[in-house]
Amino acid sequence: MKREENGPGYSATPYDHVVDEAEQRVMEDLVNALLAEQLLDGHDEVERLSQADWERIVRDDVVMAAVDRRLAYADKQVSIYRWWLERGRAMIVFPVHPAITQPFRYDASEGVFQVRLDEGDPIHLTLTELGPLELMQHLIRLYADDPVTVNPGEADRFLQMLQQTLLQTSWSLETKRTVAGVLELPPAASLLELERRAALRDRPFHPVSKGKLGWTQQEYRRYTAEFGTPIQLNWMAVKRQYLVSGRDEDGIDIRPVDMLLDEEQRDVIREEMSRRGLRDEQYIAVPVHPWQMSAVLPKQLHQEIERGVCVPLDSAAGTCYATSSIRSLLSENEGNYHVKLPLGIHSLGAVRYLSAIKLINGQRAERLMRQGVQQDPFLQKRLFLCDETHWWAYLPENRDLFADYPRHLSAMIRQYPAECIEDDTVRLMPMSALAVFDQEGHLFDEWLRMCGLQPDEGAVLRLFREVLLLYYEICFRLFRLGMMPEVHGQNCVLIWKQGKIEGLLLRDHDALRLHVPWLNAHGLEDPSYRLRLGYPNSLYHETPQQLLAYFQTLGIQVNSYAILSSLSRYYGIKEERLWAELQQCLEQAVIMANLPDAGKEILQECLFDKASWPWKQIIRPLLKHHPRVPGSMPSGMGEGVNPFQARAILLPKEVVHRDA
């Protein structure tokens with residue numbers, strides 16, 4: 001429960017501000033997720049009162065009138081949730097408003113309050129603003145008799161994630177290290193600053209996205225992107241016969257030290273290996289995250305270490321910096337190389353391992369995408385792919401790809417296209433960085449200045465359109481081929497050149513979704529993903545509509561809406577106006593993407609005609625017990641409103657007509 005300010009002995013501190021901001025951010029995401037996933041629906045204790053109903057109750061009930069006087073809501077289109085904790089004695093109340101992405105949304109500035117009535121004096125009441133932990137505890141009690149929906153063990157884990165999120169969000173907010181002129185920095189430095197900016201938001205709209213279970217405050221500050229702390233790579237010498245590599249088929253002996261270290265640093269590793277009798281023809285040095293080396297591998301690989309299969313090296317070599325994904329580090333030596341490493345921490349309900357099977361599937365997906373790009377001259381010119389074929393993973397003697405071991409010790413060196421890094425006029429702009437603003441501003445501010453534009457609504461809409469139109473066209477051209485990448489804002493990087501978006505760079509290919517009949521229709525073959533038997537498969541989709549749902553959830557509801565929301569809040573542009581622009585971008589991209597009639601009909605029906613859209617659930621899967629695939633995030637798919645039909649309802653008719 002929030003602090004009682006102005007009480008005896010209370011004295012505000014600078015840290016109080018970031019704690020309050022963290023609580024507001026998390027509470028807004030939490031309540032809106034609960035509303036979207038209908039976790040407050042179907043309970044006798046919880047009622048949503050319309051504005052008319054609430055006004056009538058307030059007029060006739062002196063207690064509710066006293067509550068209403070304490071609530072601060074400005075919008076006349078308001079409904080009130082009244083959640084009885086104890087009939088006639090205690091309740092939770094909070095206002096909501098009609099919205100576009102879901103029927104109702106909550107604004108954190110208005111608060112969620114617990115009301116307790118004095119039995120002896122019904123006019124006297126105590127009103128306390130709740131924090132996210134207290135609200136979630138009440139929800140868990142609401143589902144006490146429904147262990148299928150809310151598993152007690154998973155509920156406890158969720159509360160732990162929520163608590164860590166609140167702490168770690170406040171630590172991140174303390175930094176607020178926005179750098180002015182980020183687009184004027186050299187390409188690699190600019191990308192790193194934008195990664196740090198994106199990390200402040202992490203996974204948009206997810207109430208526990210910032211929670212990293214397993215790290216102390218000191219470790220969090222040392223290893224997350226926001227703090228910009230240099231990270232020295234550790235190294236593990238591994239016997240060659242126990243490694244599987246992305247370059248095995250080529251027969252090329254490329255080693256991690258050759259890609260990540262300069263000559264002097266390579267000499268340090270070579271000297272230690274030679275001194276310890278670890279001959280080059282027998283061992284390969286694999287980079288390891290320093291936290292993983294000290295906290296995880298001694299426990300998980302103690303037998304291998306004792307037998308000399310894996311030998312931890314004393315030397316640390318190679319300075320890197322964390323990006324927004326935490327386990328991907330930018331090499332200080334080589335700006336076009338990032339190294340992705342496993343981490344035994346929990347985030348979003350999963351352990352951040354890097355399994356051999358994911359690396360194999362990612363390489364197969366990349367090969368397929370490159371084949372598809374060759375079929376489309378537009379994609380050849382506008383779509384760029386990171387090279388993710390340089391990787392190494394430890395395997396036990398039985399070569400079991402699904403065993404624990406490949407998840408703990410592995411490395412992938414992601415190579416960025418040279419033309420994207422070495423061209424001084426190009427800046428790589430993660431779309432996730434466009435979902436963040438603070439007191440220092442929004443990235444659009446600098447972009448507008450460099451284009452000689454004033455930060456008015458027309459200019460902001462112009463840049464918004466430029467960001468989305470190319471992104472949507474590329475997604476639809478890939479959809480036409482029967483594939484859809486994981487197109488959230490962290491994986492999609494805009495290629496910005498002298499004020500214009502010239503292309504899109506994709507990274508992290510292991511989640512490429514497929515509809516095989518459309519692949520085959522274009523002469524492309526099933527990449528034959530390696531899948532764990534007996535577990536749900538999310539990479540193959542039986543229908544193109546299912547494939548498109550992946551884009552609707554990640555590409556629009558998460559990526560695009562996160563950008564839209566930030567622009568609306570920062571520049572004061574109505575969401576309805578931005579949604580109108582987004583819809584026009586989608587409509588134009590459908591025309592430009594050169595889809596056959598059948599593909600256009602599917603896009604028209606799923607995006608615009610149907611009353612409902614798929615909705616990627618984030619709370620329900622974390623509360624429900626389910627078989628866990630190691631390293632994968634719990635997920636579920638629900639149903640939500642079509643945002644374009646909702647926009648038509650919210651807008652005045654003349655505005656809808658003008659936008660149409």
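Contact here means heavy atoms within 4.5 Å. Helices (H or I, at least four residues) and strands (E, at least two) are DSSP runs, numbered from the N terminus. Axes are lines fitted to C-alpha atoms, for helices over the stretch in contact, with angles from 0 to 180 degrees between N-to-C directions.

The model is predicted: local features need pLDDT of at least 70, side-chain atom pairs count only at pLDDT 80 or more, and totals for chains, interfaces and linings use all residues. Residues are numbered from 1 along each chain as its sequence is written, and side-chain values use heavy atoms, without hydrogens and water.

The protein chain has 25 helices and 28 strands. Its C-alpha atoms fill a box of roughly 85 × 60 × 50 Å along the principal axes.

An open sheet holds 7 strands in the order 7-12-13-14-19-18-9, with antiparallel pairing (strands pair if DSSP finds at least two bridges between them). Strand 7 and strand 9 stand at the edges with a single partner strand each, so one side of each has no neighbour in the sheet. Strand 14 is joined to strand 19 by 4 bridges; K340 has M412 of strand 19 as its bridge partner. Helix 6 lies across strand 12, strand 13 and strand 14, at about 40 degrees to strand 12.

| Element | Residues |
|---|---|
| Strand 7 | 231-232 |
| Strand 9 | 243-245 |
| Strand 14 | 337-340 |
| Strand 19 | 410-415 |
| Helix 6 | 187-199 |

The axes of helix 18 (residues 457-480) and helix 20 (residues 544-571) come within 12 Å and cross at roughly 170 degrees. Residues making this contact include F464 and Y471 of helix 18 and F551 and I563 of helix 20.
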